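Here are my notes for a first look at this one. Have the model open beside you as you read.

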Amino acid sequence: MSAQPVRQPHADRHAGWLELFFDLVFVAFAAQLSHSLHGDPGPRDFAVFLALYFPPWWMWINLTVSANLFEDDSPRRRLLMLSAMFCLAAMAAAVPEADGDAGRAAVYALGYAGTRLVLLGLWWPATRLPAALRVPRWRPLSYCLVSALLWAASAAVPLPWRYAVWAVLLTAEMVLLLTARGHGITGRLHTGHLVERVGLFVIIVLGESVIVTSTDHAWTAQAGAVATLGFVLLAALWWSYFDFGSTSAELMLGSAEGSRAYLLARDVSGFLHFFVTAAVISMAAGLATAVEEAGHAHLPRGAVWALAGGLALYHLAHACIAVRFGRPLRAVAVWAVPGIAVPLLVVLGAGTLAPWLVVLLLAAEAVGHLLYARTLARRRSR
């Protein structure tokens, strides 16, 4: 996260109506995944959450980059994107018990396989472009078609070996991406559009957090106080992200040239924002539990890990983004160390802190983080 908000003079492209419609399926995903961490989640629950969240996130960023590179509003592209939306909706419906129910796990795998075929349809026309822009055919064939066939075949693999197959396939996809140098892509990448799309995804998960925080069944003064503090926490995260994180990313990506722009976009938007958004979804689950158990003496340790650990992960991911953009490590540590340490200290006191006090301390850290960034920005602008 940068401490100085800057805006480009103009944006030459914005998200289209189809992209906004497509994003709606991730509202269901965020709700399902957040629900899986309600109560007192243990290490296995957190591992399953990350494992089930990564494939849809990975597909979302792949489809977003495809739409970014190949601007097209033809009926063919619309049908492909709507098909991907259907496949992802099937995956979202399969999330509950997908880690133990063979039928749901099979639907999850087949849904992901369908999205890989959609990705093949989006990339294949690029194999027929002029030589300078052409994508080698073996890349979409291996990255999309072979991957789709193997994911579909994994539906027949018995549990728990199926999950090992998924891990291997995802690793192979990432290796293929990491070995690509952006040939034919670097001059086509609309960095402003990509930053906007990722920002809209962050809005989705923040919005889901607000929803789950406000759906307590018992209307009590304690629950209202915890929900209010939770809203302050989320509002501070929104403010700092879009005043500093998002605008800094747009500046850094917009000023990068050649393959560096592609590599920065891949690392920041593709990999590191997985942890940013996963952290917010985890915080949503922890906030929901805090509101539900506002009258208790303290929260379950798993709920505190979901909430406070999520905030620590959020700051850690932003610190990695800042370092990836070339910020000095010492300057990043000034805000990153307390941003990570304070939530972890809250986890240590989980057994003695009341729910309202847990959320108050985390909200105070988020507000303090925002005020520090704004103060630093004012000093630099003088």
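1. Along the principal axes, the C-alpha atoms fill a box of roughly 65 × 60 × 35 Å.

2. A word on ground rules. This is a predicted model, where local features need pLDDT of at least 70 and side-chain atom pairs count only at pLDDT 80 or more, while totals for chains, interfaces and linings use all residues. Numbering runs from 1 along each chain as its sequence is written, and side-chain values use heavy atoms, leaving out hydrogens and water.

3. What is the chain built from? There are 13 helices and zero strands (DSSP runs numbered from the N terminus: H or I of at least four residues for helices, E of at least two for strands).

4. Buried means under 20% relative accessible area, exposed over 50%, and partly exposed in between, with a 1.4 Å probe and protein chains only. By that count, 53% of the 382 residues are buried. Taking contacts as heavy atoms within 4.5 Å, 84% of those between residues at least 6 apart in sequence join residues at least 24 apart.

5. Now look inside. A cavity is a set of points on a 1 Å grid over the protein atoms alone where a 1.4 Å probe fits but cannot get out, and lining residues have an atom within 4 Å of a point. Points are joined across faces, edges and corners, and the volume is the space filled by probe spheres set on them. The whole structure holds three cavities of 30 Å³ or more.

6. Which helix gives the second largest cavity the largest share of its lining? That is α9, with four residues. α8 (191–213), α9 (221–255) and α10 (259–292) each supply at least two. The volume is about 60 Å³, and the lining includes V195, Y241 and H273.

7. A cis peptide bond joins L159 and P160, with omega about 0 degrees. For context, most peptide bonds are trans.

8. Last stop: L360, in helix α13 (residues 355–381). L360 has a relative accessible area of 33%, so it counts as partly exposed. From L360 to L376, 16 residues apart along the chain, the C-alpha separation is 24 Å.

Note on methods:
1 Å grid on protein atoms, 1.4 Å probe; cavity = no way out; pocket = protein on both sides within 12 Å on 5 of 7 lines; lining within 4 Å.
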